[in-house]
Every structure is written in structure tokens, then in C-alpha cells.
Amino acid sequence: MDVFFRSVVGKLWMTIIALFALVLTIFSLLLVQSFDSFYNARQTKNLQELAEGLSTGLEASKDKQTALEMASTFGLVHHTGMIVLDEKREVVGKSEGKGLPEIPVEQLLSAPGLKLDQALAGKHPAPDRLYVQIDTAGSPDRSGNLQLLAVAVPLEISTGKQGSVVMYQAIEDFDDTVSEVRFLIFVVGVIGFVSTTVFAFFLSSRITIPLRQMKETAHRIAEGDFHAEIPIRTTDEMGELALSFNTMASKLNQLVDALSKEKEQLASVLRSMVDGVVLIDENGKIAVKNPPAERFLRDWVYQNADEQVPLFSFYQKVQTGEEVIEDIPVQGRIWALVMVPLNDRNQIRGAVAVMRDITQERKLDKMRNDFVANVSHELRTPLSMLQGYSEAIVDDIVATPEEHKELAKIIYDESVRMTKLVNELLSLARMEAGHVELLQETLELRPYLERIQRKFTNLARERDIHLLLEMSTTHSHVHIDPDRMEQVLTNLVDNALRHTPSQGSVIIRARGDKTLLLEISDTGSGIPQEDLPFVFERFYKADKARTRGRLGGTGLGLAIAKNIVEAHGGTISVQSKLGEGTTFTIALMLQSKNK
């Protein structure tokens, strides 16, 4: 019920009912008052005229007794009581009106409103209301009195003798009439209430049905159905409101579509970015992030398991209004973080963080620094030896020709080593720049590998190492650059022989069907697991304590081999176990020609 009175229908119904009740009440009061005034004035006038006429008739009549009897009959007809008094206030004649109760004469004559003294004095007072106590049935009011309208007029009984005629009427007839009028007003009120209620609900339904449709449509729009529309059935204000609502919904749909497209574009931009982007709200929570940022945050949470909100410590610094620029090491990688505040007028409502993986950049910096350091180290030793032995010759420290010849041989070997180092550096630089020139031709595979085996046969025999060749491939011919690939295989076999002890073995193996796999395996000392990812880097030495002998390796052979193999479209990998040996595998994704 409370919901009904809060609704538009209830409010409209209550307003119309209240307005109708107010108008009906005012109309009833005015009608009763007007009727009361009219009825009282008319009854008073009629009673006054009746009393005056009766008094005049009695004065003019010669037979007083007959006149009194006629007057009594007249009073009965008009429901009027009559009392004729002489000069001594004694009752000369009396007549009770039809329907009037028996009224004690003493109470009637002693009533203060009767004005009997004025009538006996010859004056003509106006009628007035009287209240007399009665014992018989009637229509008493709340005090138990009977209300009468009475008038006393002078009556000349004889010459010199002044009497009076008292006439009275009960006012209960008027009350009955008023009660009937009030009953009619009540009936009219009930009929008006019912009809007004029906009209109010009819009118309200004409208003609330479009409003209810607007409410349902608004709920559909709130749930995401932006194509919802209100059916327009009228051309009045409600129809115009429905049209405006549909126009608003259409524009809202267009705006949502535009926002969705802009959001998709922004999401596409964020997804395509290499850098990680994170949007942090005013509470320090992560609101938006792209895939690189997710990868960073995943590693961050894994590394900092005790921190509930990633980057919150940096966000606290940003709340002071300053930018934060930090390098963060996370899970073996280095991220550059730049976080700036988002300002809303004079308040900070969040922050935007951009993260870039600078691991490769730092690695390149380290490689550049290591390259300079290694080149300096590789050149310092032969240069120092060249300078020292040259000074010994110039200063005539060595006297015998044999010593001169020995120093000259050392100077020559070191110059050859320097020349080899510079040539390999130049070759590696050209390869890394993409300038690898390949002169490919089709070769028989077995004779080619046998020639490489023969190159190291004497060296292997001197070191008491078994050098073997194994062929288990369907490829009889291969299309490669023989000189470049021989450079790679020579380097790998030479490394294997240098790191394999006596009584060990080195195997050159060719296997594979669709892909040609060339393997160089040894039973040497092996490479530590932590050094395996870096063996193809320039100047990298797995044996940190090893020093190069004369004419030893430059530390660039594997880096050059990797570039040559990749230029052929293949890959090179290494497998090793410390103390058990090493296997380098070259996978050539080349189409071989079988004959």
C-alpha cells in the first residue's frame, strides 16, 4: 500500500480525491448555510404575517368566540400553535398545531425570547427562537429542549383593553429538510468519489503506461541493450517525451559504439606495443595492462611473493607529483621503469607506468665492453712480446745468431697471430652485418668429410686420439659453400682435439634423412652447464683459467662458425656434460641432391 501511494497513480488519485472532497465540502457548507438563511427568513416572515393577519382579523370580528375557533382551525392547517391572551395575561383561547407536542403554556410565555411585554404594550416585535422543556415525545436537541419559532403581536380585545396573540411553530421540519439535503450531498459525494476514482485511474493509466514503458526501456539500456526504443502511439507531450527518449538512446548508442571502437583501437595499440604499459588507479591498484606488462608483473610477483600490489612502492613516490625512473632487475632480465602521475586538476588520480625490457641493450653494452676488453687483452700480449723482443734485438742484448733467429721467429709468430685475429674480427664484423658471401656448389658428402678427417689425422695420431668418421645418412650429395663449411668443421675438430686427452676419441658423424645433421663429438673435458648458453659469443672462454699458447685460438671461431651456418640457413647447437665430452651439431635445412 505504501508503494501505491508513492506511485504516480496513487499521488494523482489522492490529489483528485482531495480536490473533489474540498470542493464538495465548501459547496455543501455554502448550500446548507444558504438554505438555512433562506428557510429561516421565509419561515419568520410567514409567521409574522400570519400572526399579524390573525390579530387584525380578531380585532375586526364582532363574534370573538367564532373568530377564535376559525383561528384555531387555521393554526391546525399551518402546523402552528396559537395562544390568545387578555390584558391580564390570561389565556382566552388556545390552539395546538397539528404535529406539535403539548407545550406547557407557562414555559412558553416565560421564555425570554418571546417579548410578550412589548406586544402587550402595543408594539410589534419580530419572531425569535425559543427553547422550552417538554415531557412528551418530540425532537429534542442535545440539551433536551424543543426549539420553536415564536412571535407575540398586540391584539385589541376591546376599547382600552390590550391583549396579545402568541403564535409558534416547531423548527424540526427545517432540520429534517437539512438532514435530507445532507444525505443527498453524501450520496452525491459517494458517486463523485467513485467516478473520480475511475477517472483518476483512467487518466493515470494514460500517463503511467508510457512512463512504465520508458522505465522498462531505461532498464534494458542500463543492461546494455542500446537498441531498445519506446513505441510512440500519441502525439501529445508523452509522445514527444518518448521521441526525445528514443533520440537520446540512439545518440547514446552511437556514443557507446564510438567509445567501443576507440577502446578497441587503444587496446590494439597497447597489445601491439613492445613496451609494457600499466594504468594505476587512485588506490594504487592496477586497472589496465598490456601483454608485455603482464609478463613483467608475473615475473615481479614471482620474485616478490610478499608484495600484494606490484609497483605500489613506486606509486607512493609518484603521489608527491614527481616522476619515477628506475631500472628493475626481475628474473634475470632488466626492465627500465618510467612512472608519471595522472593529474585531475590539482589532484593525482593515478599513474601511468611504461616498462621496457632493456636486457638486450645492457647485454649489447656488456658485449661491447667485453669485446673491447678482450681485443685489448688479445692484442696486448703479442704487442708486448713484439716490443720486448724487438728492444732486445735493437739493444744488442742477444749476441749469437741463433738467439737472433729465435727472437725473430717469435716476433714472426706473434705477428701472424695478430694478423689472424684482425682477419677474423673483420670477417665476423662482415658476417654480423649480413655480408656473408657464399659460393655454393653441389659436393659428394663422404669425400668431403674424408678430406677434413685426413687434415687432422697426423695431429690426432701425435696426441694418441682416435679420429673417426661415421656416415648414417641418406644424403650422398649436399649443396654448400665448401670453403666456408670447411672453416666451420675445421674449427670444431680442432677444438675437440685440443680438449680431448690421450686415448680419447673424436667422431665426425653425418646422419639424418630430411635434415642433414653434421656432428663433431669428443670424449674430452666437457663444458660446464652454466657456460653452454654463451659458447657462441665472441671471446668467450669456458675454461677461465686456460691461457692461450702461441698460435692458439682467438676466441672468435665459434662465433664465426655460427654466422656461417646461419648463412646456409641452418643452425648450430652444443650438448655437453662436464667430464664426459661435448657434441656440436650442425643442422642444414638444405635440399641435397642424391645421385
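This is a predicted model: local features need pLDDT of at least 70, side-chain atom pairs count only at pLDDT 80 or more; totals for chains, interfaces and linings use all residues.
Residues are numbered from 1 along each chain as its sequence is written, and side-chain values use heavy atoms, with hydrogens and water left out.

The protein holds 15 helices and 17 strands, taken as DSSP runs numbered from the N terminus (helices H or I, at least four residues; strands E, at least two). Of its 595 residues, 39% are buried, meaning under 20% relative accessible area with a 1.4 Å probe, protein chains only.

Now the helix pair. Helix 14, residues 482-498, packs on helix 15, residues 557-567, at an angle of about 145°, and the axes lie 9 Å apart. Axes are lines fitted to C-alpha atoms over the stretch in contact, and angles run from 0 to 180 degrees between N-to-C directions.

Which residues of helix 14 and helix 15 make the contact? Helix 14 gives Arg-484, Met-485, Gln-487, Val-488, Asn-491, Leu-492 and Asn-495. Helix 15 gives Gly-557, Leu-558, Ile-560, Ala-561, Ile-564 and Val-565. Contact here means heavy atoms within 4.5 Å.

Helix 15 is mostly covered, with eight of its eleven residues buried; among them are Ala-559 and Asn-563. After helix 15 comes Gly-569, with a positive phi near 85°.

Conventions
Buried means under 20% relative accessible area, exposed over 50%, partly exposed in between (1.4 Å probe, protein chains only).
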